[in-house]
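Here's a quick walk through a model with more than a few things to look at. Have the sequence and the 3D view open as you read.

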Amino acid sequence: MSHAVAEETSTVYAIVAEFDTPEKLMSAAESARKAGFKKMDAYSPFPIHGLSEAIGFKDVKVPFLCFAGGLTGALFGYTLQYYVHVFDYPMNVGGKPLVSLPSMIPVTYEATILFAGLTAFFSMIALNRLPQPYHSIFNTPGFERATQDRFFLAIEAADAHFDAEKVKRFLQDHEPIRVSEVEP
Amino acid sequence: MANKETLNNVLITGENSYASVEDSIGRLILKPQLHQRGWWIFFFIGLAGTGLLGVSITWLVYQGVGIWGNNQPVAWAFDIVNFVWWIGIGHAGTLISAILLLFKQQWRNSINRFAEAMTIFAVMCAGLYPLLHTGRPWVAIFWLFPYPNIMGMWPQFRSALEWDVFAVSTYFTISLVFWFMGLIPDFATMRDRSRNKFGKIAFAILSLGWRGSNQHWHRYEQANMLLAGLSTPLVLSVHTIVSYDFAISTVIGWNVTVFPPYFVAGAVFAGFAMVMNFLIPVRAYYGLKDLVTIRHIDWMCKILLATGMIVFYGYILEVFYGFYSGNVFETALTKDWRFNGPYSGYYWALILCNGIIPQLFWIPKMRTNLLVVWLVSFVVGIGMWLERFVIIPISLTNNYLPASNKMYYPTMWDFMMFGGTIGFFIFLMMLFLRFLPAINIFEMKDLLHKVINDESKVEPTVEAMNSKMNPTPAKEEVPA
């Protein structure tokens, strides 16, 4: 593993450092980004604000998908009622117009929320590639504490600048509890 | 039950670390021996109630809605009273999980999971009633849901009852999704902590392989905020639409424009009362006093007081409307069926329960006395049921044609079904306490992280893993 080229490092998934506070993880992530690492991820038991910025992760797909879902829902709710009341089953109730807009608002509104909410949930699940029973990161020693009280930073072998030894030395500089080499 | 807990602004009391927070919540699941006699008693009460519900539903389906006391002119009675009561109870959960999240009220973290579970179970109980009120639910499905059927028929979208179908089913779906999404990271925590093989497998499946990566959290937070933003107008719309069932009709006593806001406030009022009715015994029994502090109880009492005042204002406005409208039937309803007459006892009990007794919470001492808080909450629960009783059957007994005025008498089956849903609710709550993390673990850690950074008196000891199985309240030195 002395000559580390990204393509050949199939025996290593990532170099993972374990920290005991979110602050140490933050500063390590921050300097890793400044050092030019792109393919990395942090693992923590609770969301840490500012970590995405520190790690350089930007993603706004969920809100846009949710918005699209809401629009679809509104369109669905409205056209359903329009189709039923105008084309498929027109019914004259007390001489009122077939399209009595105020009475169509509640169903349109609820359909909007239903579709938007479900899209937000399912796009979160799908974009996070869940359900995913196996992932290489689970091979990290002590990783069960990532959902408890430890904070992990993984610099992945897929990164263009990856060099196992250098990465290890780099991570050692940020007061980790331990640094481990993780198999895929 | 110790009534001498100190009131201060620390949301997590005692000496806690990430591990100890997690431990005090997680042990409810991982250590079955914690659920002793108290749990089993309520579990069996709940189980018996569920059986009662099963029996009454079976008999109802076999015999038809004639077994209830509903009849003309009182065609809506216990079933709709209970429907509105249950759905109202659910609203506190959404208020806590969504609205308080948007307002960045961190204190909600320790009660939201619990309240959301209540929402879902209460909506389940609520949904049973209108469905069974149709008499033949399996036939009624095409009245309720718009799907192309061989009869070529569609529901009537101009009807408030159809709006109700959409509102309640959306509410249930979104609440369930919101709740489940919040549980995923906690399932992962339980997966990693569980020593039992079955528990490990079950939690691994439920956690969907959550690994707490920054990408996960990033999208989780986005989806969480979006769902909160969507649930907020949703919860307001649900009870508004429920109130439309009444307000857009021409029935005396129902045709009032104050209904939507007054129903929403009443829902939150009833819901917070129910949260406290459950939470106060649970926190004492399971030693969660450090996580659900007296500060939480105090704030919930204030919300109870505020929403109670809105509800009371609604009652006053109804009386005002009864006289000011100049409609003789409205006046007669207020004077002869509410203030006097055979049902007046229920009306005045309602005013006492919802209008007068909650005013005790103006006194700060009362808000921290757990016994008083519990009793007042219980009374509010009864009061909110009476409110729906006063609005629904009592308004219907009084008609435009005095000859058709007729009293309403519930039957045994009305009471059995109501008792049955209460039992079912208790049953589900007991299962929830036993098998799911009753407090949001990761949000509590997040809160603890913020508490630590706020140079609080709480000293973090991350290494204190398993050192404390039963954190006791530390001596408080700084009451704010």
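## Domains of chain A

Which domains does the domain assignment of chain A give? There's domain 1, made of 6-58 + 139-182, and domain 2, covering 61-127. Keep in mind that this is a predicted model. Between domain 1 and domain 2 of chain A, the C-alpha centres are 44 Å apart.

Helix 4 of chain A runs over residues 101-127. Its 27 residues span 37 Å from first C-alpha to last, close to the 39 Å expected at 1.5 Å a residue.

## Where the chains meet

Chain A puts 54 residues into the contact, and chain B puts in 47. On the chain B side, helix 1 (18-30), helix 6 (160-193), helix 8 (214-247) and helix 16 (441-453) each supply at least two residues. Helix 8 of chain B gives the most, with 17 residues. By type, the side of chain B that touches chain A splits into 25 nonpolar, 13 polar and 9 charged residues.

## The nonpolar core

The largest nonpolar core holds 182 residues. Those with the most contacts inside it are A:Ala29, A:Phe152, A:Leu153, A:Ile155, B:Ala122, B:Phe269 and B:Val275. Domain 1 and domain 2 of chain A each give this core at least three residues.

Setting aside neighbours within four places in sequence, its contacts include A:Val16, A:Ala17, A:Tyr43 and A:Phe143.

## The strands of chain A

Strand 1 of chain A (residues 14-19) has 6 of its 6 residues buried, so it's largely enclosed by the rest of the structure. Both of its faces are covered: A:Ala14, A:Val16 and A:Glu18 are buried on one side, and A:Ile15, A:Ala17 and A:Phe19 on the other.

Strand 1 of chain A pairs antiparallel with strand 3 (residues 151-156) over 6 bridges, and A:Phe19 sits opposite A:Phe151 there. Strand 1 also pairs antiparallel with strand 4 (residues 178-182) of chain A, this time over 5 bridges. In that pairing, A:Ala14 stands opposite A:Val182.

Strand 2 of chain A (residues 40-43) is covered on both faces too, with A:Met40 and A:Ala42 buried on one side and A:Asp41 and A:Tyr43 on the other. Strand 2 runs antiparallel to strand 3 of chain A, and 4 bridges join them. The bridge partner of A:Tyr43 in strand 3 is A:Phe152, and those two residues are also in contact.

Most residues other than glycine have a negative phi, and most peptide bonds are trans. Here are some spots that go the other way. Just after helix 4 of chain A, A:Arg129 takes a positive phi of about 55 degrees. A:Arg129 counts as exposed because 12 other C-beta atoms lie within 10 Å. The loop between helix 4 and strand 3 of chain A, which holds A:Arg129, also holds A:Pro131. The peptide bond from A:Leu130 to A:Pro131 is cis, with omega near -5 degrees.

A:Glu175 isn't a glycine either, yet has a positive phi of about 50 degrees. You'll find A:Glu175 in the loop between helix 5 (164-172) and strand 4 of chain A, and it's partly exposed, with 13 other C-beta atoms within 10 Å. Over in chain B, a cis peptide bond joins B:Gln72 and B:Pro73, with omega about 0 degrees. B:Pro73 belongs to the loop between helix 2 (37-63) and helix 3 (78-102) of chain B.

Note on methods:
Residues numbered from 1 in each chain as written. Chains lettered and ligands numbered in written order. Predicted model: local features only at pLDDT ≥ 70, side-chain atom pairs only at ≥ 80, totals over all residues. Domains from an automatic or database assignment. Contact = placed C-beta atoms within 7 Å. Nonpolar A, V, L, I, M, F, W, Y, C, P; charged D, E, K, R; others polar. Core = buried A, V, L, I, M, F, W, Y, C linked by C-beta atoms within 7 Å. Buried ≥ 20, exposed ≤ 12 C-beta atoms within 10 Å, placed from the backbone. Pairing = 2+ DSSP bridges. Expected span 1.5 Å × (residues − 1).
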